[in-house]
Amino acid sequence: MERLLLVDMDKCTGCKQCSLACSLIKEDLFDPHRGRIKILKREDIALGIQLLCEQCDAHPCIDACPDNALSRNDDTGIITVNIDTCSSCDSCVKACPYHGIRLHPETGKPLICDLCGGDPYCVQHCVPGALCWIDATDDLMKQKKKLRSARMAKYRDLKKEAAK
Ligand code: SF4
C-alpha cells in the first residue's frame with residue numbers, strides 16, 4: 001500500500017529534532033541547515049512550521065531547472081538531483097511553492113527530501129507525532145493537503161508580519 005508523510009503544524013514544538021536527525025542520516029553530522037526538512041520557528045508563540053519537499057504532482061522545481069538536473073519518480077513522487085549537471089542556480093528553490101528546497105551550504109546543490117527511500121528517519125525522532133508515516137487512504141490524502149494549506153497560510157502570514 002502507498003504510504004504518505006502526514007505533517008501536522010499544530011503538533012510541532014519547533015524542537016528541530018527532525019532536521020538534526022535528517023542531517024545525521026544524510027550528511028553524517030548534526031546541522032539543521034543541512035536537513036532536507038527545515039523548521040521555521042517562532043519561539044514567542046511556540047510555533048514550528050515544517051518545510052520540505054511534498055512530492056507534488058505539479059513539480060514546478062523540475063520545470064524551472066535550466067539544466068534538466070531534476071527528475072521525479074512517478075510512483076513515489078520522489079525528486080532526484082543529478083549533481084553533475086546541476087549548476088546551483090537556485091531556480092528550483094525559488095520555484096517550490098512549499099519552500100521545501102534549499103541549497104547545501106557547502107556544495108550549493110539542492111537538498112530535497114527523498115523520504116529516506118521509504119522509511120523517513122525524521123519521523124522516528126519527532127516525539128510529539130507532528131510527522132507520521134502512514135498508509136495512504138483517500139481521506140488521509142485529503143487531510144495531508146489540508147494540513148499543508150494551513151502550514152503555507154501560516155508561513156505567508158509570518159513572512160508578511162516579518163516584512164512590516
Ligand atoms: S521533530 Fe517534530 S516537533 Fe520537533 S520540530 Fe520536527 S516536526 Fe516539529
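Helices (H or I, at least four residues) and strands (E, at least two) are DSSP runs, numbered from the N terminus. The structure is a predicted model, in which local features need pLDDT of at least 70 and side-chain atom pairs count only at pLDDT 80 or more, whereas totals for chains, interfaces and linings use all residues. Residues are numbered from 1 along each chain as its sequence is written.

L47 lies in strand β3. Burial was assigned from C-beta atoms placed from the backbone: a residue is buried if 20 or more other C-beta atoms lie within 10 Å of its own, exposed if 12 or fewer, and partly exposed in between. L47 counts as partly exposed because it has 17 C-beta neighbours inside 10 Å. Contact between two residues requires their C-beta atoms, placed from the backbone, to lie within 7 Å. When neighbours within four places in sequence are left aside, L47 is in contact with G14 and R42. The C-alpha atoms of L47 and T13 are separated by 6.2 Å, although these residues are 34 positions apart along the chain.

Strand β3 (47–51) also contributes to the ligand shell, as does helix α1 (17–27), each supplying at least two residues. The ligand is surrounded by 15 residues, the closest being C12, C15, Q17, C18 and C126; a residue is taken as near a molecule if its C-beta atom, placed from the backbone, lies within 6 Å of it. Eight residues of this shell are nonpolar, six are polar and one is charged. In this classification Ala, Val, Leu, Ile, Met, Phe, Trp, Tyr, Cys and Pro count as nonpolar, Asp, Glu, Lys and Arg as charged, and the others, Gly among them, as polar.

Within α1, the buried residues are C18, S19, A21, C22 and S23. The buried residues of this helix pack against β2 (38–42), α4 (121–124) and β8 (131–135). After α1 comes D28, which has a positive phi, near 65 degrees.

Overall, the protein chain contains five helices and eight strands, arranged from the N terminus on as β-α-β-β-α-β-β-α-β-β-α-β-α. Its radius of gyration is 15 Å, close to the 15 Å that the globule rule gives for 164 residues, so the chain is as compact as a globular protein of that length. The radius is taken over C-alpha atoms, and the rule is 2.2 Å times the number of residues to the power 0.38. The C-alpha trace spans about 45 × 40 × 30 Å along its principal axes. Of the 164 residues, 29% are buried. Among contacts with a separation of 6 or more, 59% join residues 24 or more positions apart.
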